[in-house]
Amino acid sequence: MKMNVLVLPGDGIGTEVTREAVRVLQHVAAKFGHEVQLTEGLLGGVAIHKTGVPLPEETEKLAHACDATLLGAVGLPEFDDAPPQQRPEKGLLGIRKALGVYANLRPVRSFRSLLDSSPLKNERVDGVDMIIVRELNGGLYYGLPRGVEGEGAEERGTNTMTYTRAEIQRITRMAFELAKNRRRKVTSVDKSNVLETSQLWRKVVNEVAAEYPGVKCEHLLVDNAAMQLILNPKQFDVMLTENMFGDILSDEGSVLSGSIGMLPSASIGAQRPSGAWVGLYEPVHGSAPDIAGQNKANPLGAIGSVAAMLEYSFQLLEEAAAVNRAIDAVLESGNVTADLRPKGAPAGTDQVGKAVCDAI
Ligand code: IPM
Ligand code: MG
């Protein structure tokens with residue numbers, strides 16, 4: 001198979017972790033007899049520096065032309081005071097929308113070898129295996145009206161949380177389809193005791209749930225969900241939620257496994273006639289400017305995102321499994337970066353990438 005992949009390293013540690021992810025992609029492709037055609041593009045702060053905008057038109061065109069996009073991270077502290085429209089993050093939101101990748105899948109699972117790195121007691125986290133299905137093209141992130149207007153005491157900031165029935169239906173179907181092949185339980189998270197958007201969300205989720213009699217459907221309020229994720233994370237199989245709640249809960253979920261650096265994500269949209277998904281693949285962590293350029297960042301979230309790409313955009317399940325097994329093997333070996341609190345000296349970003357290749 002020929003794989004056309006757009007690589008957007010982005011900012012901060014994005015460059016380092018995507019370098020290792022690409023190394024693993026090339027290695028697994030060579031091993032299984034596939035061809036990888038890589039194109040590099042600009043997104044985020046680096047794109048603002050070079051072109052004046054966080055999502056250049058060229059990048060958008062490339063993303064549409066390639067089979068899949070691999071992304072590092074975006075965000076630089078120098079833009080902290082810039083308005084949302086001129087920030088690196090705007091590029092990320094722009095490309096998610098341009099590609100129509102409305103379903104962000106964030107698997108959270110515990111690793112035996114990392115139990116001591118988890119902030120929770122071993123027995124609470126051992127055996128956690130869940131996936132957060134976060135709606136990615138709607139809600140507060142995109143709703144209109146938005147902005148800041150007026151002056152003095154009357155200066156007012158506005159954002160709008162809005163969802164249509166169609167938007168809720170498609171993400172809910174995605175969650176139930178995934179649940180069918182897992183432990184057949186969907187927990188939908190909302191704030192329906194306060195928000196009308198959530199009341200519609202819950203109603204539509206229940207309607208879609210009726211199409212899946214074999215899958216159990218539960219609802220949790222988001223504040224309770226945040227608490228349950230710490231108290232008893234093993235109760236969850238598929239957690240379905242809107243964009244902003246999913247952003248927050250997935251950071252919380254990520255540390256259950258020991259480090260946010262471990263967590264991969266797949267953002268998928270339309271399914272091509274071949275069955276392959278249009279997809280954008282990125283680790284859940286941010287650009288971590290404090291450790292950028294120091295060969296300290298954990299590349300396993302980015303490498304796990306390559307596994308997700310092989311699975312969803314190329315339907316190469318065996319290759320994806322080989323990458324995931326190699327990640328497990330490297331974790332077992334203890335040859336890991338500082339965030340995972342290794343017993344000996346921490347490994348560098350590049351050493352971890354190389355170790356994953358060696359384990360494939
Ligand atoms: C994430 C990130 C992004 C988000 C930021 C960088 C815009 O936190 O992917 O979770 O909020 O979606
Ligand atoms: Mg986030």
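Entry 1. I began with terms: buried means under 20% relative accessible area, exposed means over 50%, and partly exposed lies in between, with a 1.4 Å probe and protein chains only. This is a predicted model, where local features need pLDDT of at least 70, side-chain atom pairs count only at pLDDT 80 or more, and totals for chains, interfaces and linings use all residues. Side-chain values use heavy atoms, with hydrogens and water left out, and residues are numbered from 1 along each chain as its sequence is written.

Entry 2. Next I looked up backbone angles. Most residues other than glycine have a negative phi, and most peptide bonds are trans. I found Arg341 with a positive phi of about 50 degrees, although it is not a glycine. Arg341 sits in the loop between α11 (317-333) and α12 (349-359); helices (H or I, at least four residues) and strands (E, at least two) are DSSP runs, numbered from the N terminus. Is Arg341 buried or exposed? Arg341 is exposed, at 57% relative accessible area.

Entry 3. I then turned to Ala288, whose phi is also positive, near 35 degrees. Ala288 belongs to the loop between β12 (277-281) and α10 (300-312), and I noted it as partly exposed because its relative accessibility is 24%.

Entry 4. Which peptide bond did I note as cis? I noted the one from Leu144 to Pro145, with omega near 0 degrees. Pro145 lies in the loop between β5 (129-135) and β6 (147-149).

Entry 5. Last, I checked for disulfides, meaning pairs of cysteine sulfur atoms within 2.5 Å. My search of the whole structure gave 0. Cys66 is buried, at 9% relative accessible area, while Cys217 is partly exposed, at 24%.

Conventions
Chains lettered and ligands numbered in written order.
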